[in-house]
There are 2 protein chains.
Amino acid sequence: MEFLKKPHLKRVPKLSEQVAEILASELERASIQPGEAFPSEAELSERFEVSRTVIREALARLKYDGLLESRQGSKSIVAQPGSQRAFRLDRLEVTDLAKIGYLYEFRAILESAAAALAAKRRSQENPENLRKHLETMEQAVKDHLDATAANVDFHMEIVEASGNPFLKDFMHFFRGKIWDLVQADRDCSNHQGLPPEVQQEHVTIFKAISAEDSDIAREAILTHLINAARRSGITIFNSE
Amino acid sequence: MEFLKKPHLKRVPKLSEQVAEILASELERASIQPGEAFPSEAELSERFEVSRTVIREALARLKYDGLLESRQGSKSIVAQPGSQRAFRLDRLEVTDLAKIGYLYEFRAILESAAAALAAKRRSQENPENLRKHLETMEQAVKDHLDATAANVDFHMEIVEASGNPFLKDFMHFFRGKIWDLVQADRDCSNHQGLPPEVQQEHVTIFKAISAEDSDIAREAILTHLINAARRSGITIFNSE
DNA sequence: AAATTTAACTTGACATACAATATTATAACA
DNA sequence: TGTTATAATATTGTATGTCAAGTTAAATTT
């Protein structure tokens, strides 16, 4: 079991992380009103029975995310709602099937818009790259290999082609965080081979973007993602 | 790094923030390959001529955002791309007009999808709240007051009505971060009075959601946001 | 009562020490 | 020589103490 020795696998949370978790959840349920003072580092140090070092690192996280504001000399104060500085998906429970459906839905919203824009703004290289990823997928399936990587590349090429940098950045974040959960095209990577309709759906998307047909591209990827969700037993967009 | 310590300058970010900025930008241009070791805290402390405390708080930020991974006993390593843990909009330059257009666009994508879903899933209270915000806006304009707050509430009620918690959470983040920049309906809050078409656009959206007409709701809010962008001299969705 | 001064408190930053863990060099052994 | 056990070293995690800078609130003075 050599992989057990691989670093960064059995990571135990640092004290500051645990403290930050607790304080963040307390702030979330608004136990202290925005604008009011937060307990001092000394008080928290005494309450959690850890050093001020740990408390400071925990508070640094909350400040970094915009949950607290601090000035030298004065106590930290609870920030107003709406001053959030980061969007995170860490604290989601993957057990809830409905929640996963909403994630699918969120992805479908962004990717369908990306496909529509990609059809309008694609460069010459975008279709070439898409075709390349399609062929890689096809070959991988033929060889009974994992086609997930090429699949991800295909979808990422679409948001790349959309030309909107925020769309692209957000989908990169989204992918890294939860693509393994929302693996809508998991069919590609299981060992039973690729359902022919999946590859066909990909081809339809590719053709629409290549032909610069915005509406068809949007419809095609919407269909693709709705089908992919249904293959996982999930319904999105109230599309029975 | 003596220039970092200028306490007489007002609004001086903390040392750890400045160091984190520098290190983050260095990581962004991939000066160190993913998987490779990052300089130790002692080295960085020496390089920046600050205490290890400052370095630790700076590194804590990078780890929190998933740019670095660390384990006790070993050097921190640069994380793989795709392990990003947070989506941020802090480091955007508001001077670039094209970039603001992409922000408008991003918002329009999410809100149009939200409106379409809201028409399907709205509760009984949602139209009531929307109507209330409409009236507040109308009254504010009539009294030559700022209608921005009610305007924001109106749009937020739509994403609330969409039923998708991620859509809602993200728009809350988005609003707090950049709504003042992407104030697409600024017309409502300036002192020259409300362009009649703006309130009319709002009414159209409200009616469509109330009538549970998904397609009209999407079209109406898309038109509204495209118009709002154009009133600010910005074109989105390549829609001249 | 109002203004000013002083004291106490709080966060920002630094220095040091030690514990826990990983890596590397060394020694022992086959 | 090559392999393995062991010791030395390096690195992060945590604790403690100190001081500086700035804010708040009480005390004092006018």
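This is a predicted model: local features need pLDDT of at least 70, side-chain atom pairs count only at pLDDT 80 or more; totals for chains, interfaces and linings use all residues.
Chain A contains 9 helices and 2 strands. Along the sequence, these elements follow the order α-α-α-β-β-α-α-α-α-α-α. Chain A has 240 residues, and 48% of them count as buried. Its accessible surface comes to about 12,400 Å², with 50% belonging to carbon and sulfur atoms. When contacts in chain A between residues at least 6 apart in sequence are considered, 67% join residues at least 24 apart.

The largest nonpolar core holds 98 residues. Within this core, Ile158(A), Phe170(A), Ile158(B) and Phe170(B) touch the most other members.

Ser76(A) lies in the loop between β1 (68-69) and β2 (77-78) of chain A. A residue is counted as buried under 20% relative accessible area; Ser76(A), at 12%, is therefore buried. Residues up to four places away in sequence excluded, Ser76(A) touches Glu36(A), Ala37(A), Phe38(A), Lys63(A), Glu69(A) and Ser70(A). The C-alpha atom of Ser76(A) is also 7.6 Å from that of Pro39(A), although the two residues are 37 residues apart along the chain.

DNA strand C is surrounded by 24 residues, of which the closest are Leu15(B), Ser51(B), Val54(B), Arg71(B) and Gly73(B). Of the atoms of DNA strand C that come within 4 Å of the protein, 69% belong to sugar and phosphate. By residue class, the surface near DNA strand C divides into 3 nonpolar, 11 polar and 10 charged residues. At least two residues of this surface come from α3 of chain A, and at least two from α3 of chain B.

Several side chains of chain A make polar contacts with DNA strand C. For Arg52(A), an N or O atom of the side chain is 3.0 Å from a base nitrogen of DNA strand C. Phosphate oxygens of DNA strand C are approached by Arg56(A), through a polar side-chain atom at 3.1 Å, and by Ser70(A), through a polar side-chain atom at 3.0 Å.

DNA strand D is surrounded by 23 residues, and the closest are Leu15(A), Ser51(A), Thr53(A), Arg52(B) and Ser74(B). Sugar and phosphate make up 65% of the atoms of DNA strand D that come within 4 Å of the protein. The surface near DNA strand D comprises 3 nonpolar, 11 polar and 9 charged residues.

In chain B, an N or O atom in the side chain of Arg52(B) is 2.9 Å from a base nitrogen of DNA strand D. A side-chain N or O atom of Ser70(B) is placed 3.1 Å from a phosphate oxygen of DNA strand D. In chain A, the side chain of Arg71(A) has an N or O atom 3.5 Å from a phosphate oxygen of DNA strand D. Two or more residues of the surface near DNA strand D are given by each of α3 (52-64) of chain A and α3 (52-64), β1 (68-71) and β2 (74-78) of chain B.

Note on methods: Residues are numbered from 1 along each chain as its sequence is written. Chains are lettered from A and ligands numbered from 1 in the order in which they are written. Side-chain values use heavy atoms; hydrogens and water are left out. A residue is near a molecule or strand if one of its heavy atoms lies within 4 Å of it. A polar contact is a pair of N or O atoms within 3.5 Å; within protein, one must be able to donate a hydrogen and the other to accept it, and residues adjacent in sequence count only if both atoms are side-chain atoms. Helices (H or I, at least four residues) and strands (E, at least two) are DSSP runs, numbered from the N terminus. Ala, Val, Leu, Ile, Met, Phe, Trp, Tyr, Cys and Pro count as nonpolar, Asp, Glu, Lys and Arg as charged, and the others, Gly among them, as polar. Buried means under 20% relative accessible area, exposed over 50%, partly exposed in between (1.4 Å probe, protein chains only). Contact means heavy atoms within 4.5 Å. A nonpolar core is a set of buried Ala, Val, Leu, Ile, Met, Phe, Trp, Tyr and Cys residues joined through side-chain atoms within 4.5 Å. Accessible areas come from the Shrake-Rupley method with a 1.4 Å probe; for residues, only the protein chains shown count as cover.
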